[in-house]
Amino acid sequence: MIESLLVANRGEIARRVIRTAKRLGIRAIAVYSEADADLPFVTEADEAVLIGPPNPAQSYRNVEAILAAAKSTGAQAIHPGYGFLSENAEFARTVEASGLIWVGPGADAISAMGDKINARNLMTAAGVPVAPGTTDPAADLDAAVTAAAEIGYPVMVKAAAGGGGMGMGVAADEAALRTEYDKVRAFAERMFGDGSVLIERYFPRVRHVEVQILGLADGRVVALGERECSVQRRNQKLVEESPSPAVSPELRARLLAAAVRAGEAVGYRNAGTVECLLDPTSGEFFFLEMNTRLQVEHPVTEYVYGIDLVEEQLRVASGLAPTFDPDALAPSGHAIEMRINAEDPKRFLPGPGVIRTWVEPTGEGVRVDSGYTGGNTVTPFYDSLLAKLIVTGTTRDEVLERAQEAVAAFQIEGPKNNVPFFAELLGNEEFRSGAYDTGIVSRMR
């Protein structure tokens, strides 16, 4: 097993990885920016290194600073968490070229799945269902208009190098497409350094369902069930649950088999997620993208399958067998995760500030993965995620009741936060029925 691990991230995911590392007897090393000096993950690590000012480009995306910290502390491996450099193939290559262990998929897999057009084409070749769309970037507006006419409106305009729900626009007709194409292309060039744009069919009433995969050290790829991720704002997830209320045993078998084929197509190792769009009426599903990293919502899978995904990541990176029997995987129970963000609960606009009160809920089936505590300052430099409230139980109904109690008990004063939204959602009949889709938040507003 790896003996020392540098976590190249911050907040709740850094704290989460550090917790498992320390349980396994691995020396945990944190890196932090000047803005994060007082956050819990810094003090909980065995060692912490200041790597730069608040600007992520000068700290959490500063490859030289991170590698220097690894060298000075004698780190043996690097875990990238999610966001920042986690899906940067060049960073993964640089880490390994420096003689360090990369706790994640190989750089070639990251690169292959990082370009959405290339990923779509790979999945088609592997026999994974893919939504109608372009097989090459729409080189200019005329090409986008031609492609959209062939695919049929409405269409989604997407940054080929995008991720995390960023760099997307919906066009119901040609006039809207002309606006969205220029907007998405400019955003993609600014944010990702790549203005490539793809056009694909947009499905207004679908569910967003993803499959957790794990590429083992012996070369096998296994699927650890599905997660329902349809509660979203601005194409970004707010709630995830497992198993999905929309997935039957027969559909689950097809979803998981397709996800395994997707991983095998790129020789996948370590943790990753195959995201799909699901038409709940027909049972058809289509490949959306693959996230070549640990997901924010991994705790719901951990509960349903009774494993620690971070531990499994570390075991794969160490060349060790998993803690579970790959031939005897079976889900049990239900879990829901709510992303507690520093944003107002109506328009979801960021609301940084000093946390005056922070009281986490407790009780049976309640887990809180937090990045902050009372007295900390939520700055505008990073993602607005404060914590993840994970509620578990034997049945979905039991989890819903526990979740309402947990949300009512979660007290945060200071920065704006979306806890009141979850109280509203948990009382919403559409959500409680399980028959919801990606439009549920807009219908609530």
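1. A contact here means heavy atoms within 4.5 Å. On that basis, residues 24 or more positions apart account for 65% of the contacts in the chain with a separation of 6 or more. The model under discussion is a predicted one.

2. Overall architecture. The chain contains 15 helices and 20 strands. Its radius of gyration is 21 Å, close to the 22 Å that the globule rule gives for 445 residues, so the chain is as compact as a globular protein of that length. Along the principal axes, the C-alpha atoms occupy a box of roughly 55 × 50 × 45 Å.

3. Burial and surface. Of the 445 residues in the chain, 57% are buried.

4. Helix α9, geometry. This helix spans residues 249–265, which amounts to 17 residues. From the first C-alpha of α9 to the last, the distance is 24 Å, close to the 24 Å expected at 1.5 Å a residue. Just after α9, Gly267 adopts a positive phi of about 55°.

5. The buried residues of α9 are Leu251, Arg252, Leu255, Leu256, Ala258, Ala259, Val260, Ala262 and Gly263. Their cover includes one helix, α6 (116–125), together with the strands β9 (207–215), β10 (221–233), β12 (270–278) and β13 (285–291).

Technical notes
Residues are numbered from 1 along each chain as its sequence is written. This is a predicted model: local features need pLDDT of at least 70, side-chain atom pairs count only at pLDDT 80 or more; totals for chains, interfaces and linings use all residues. Side-chain values use heavy atoms; hydrogens and water are left out. Helices (H or I, at least four residues) and strands (E, at least two) are DSSP runs, numbered from the N terminus. The expected span of a helix is 1.5 Å times one less than its number of residues. Buried means under 20% relative accessible area, exposed over 50%, partly exposed in between (1.4 Å probe, protein chains only). The radius of gyration is taken over C-alpha atoms; the globule rule is 2.2 Å times the number of residues to the power 0.38.
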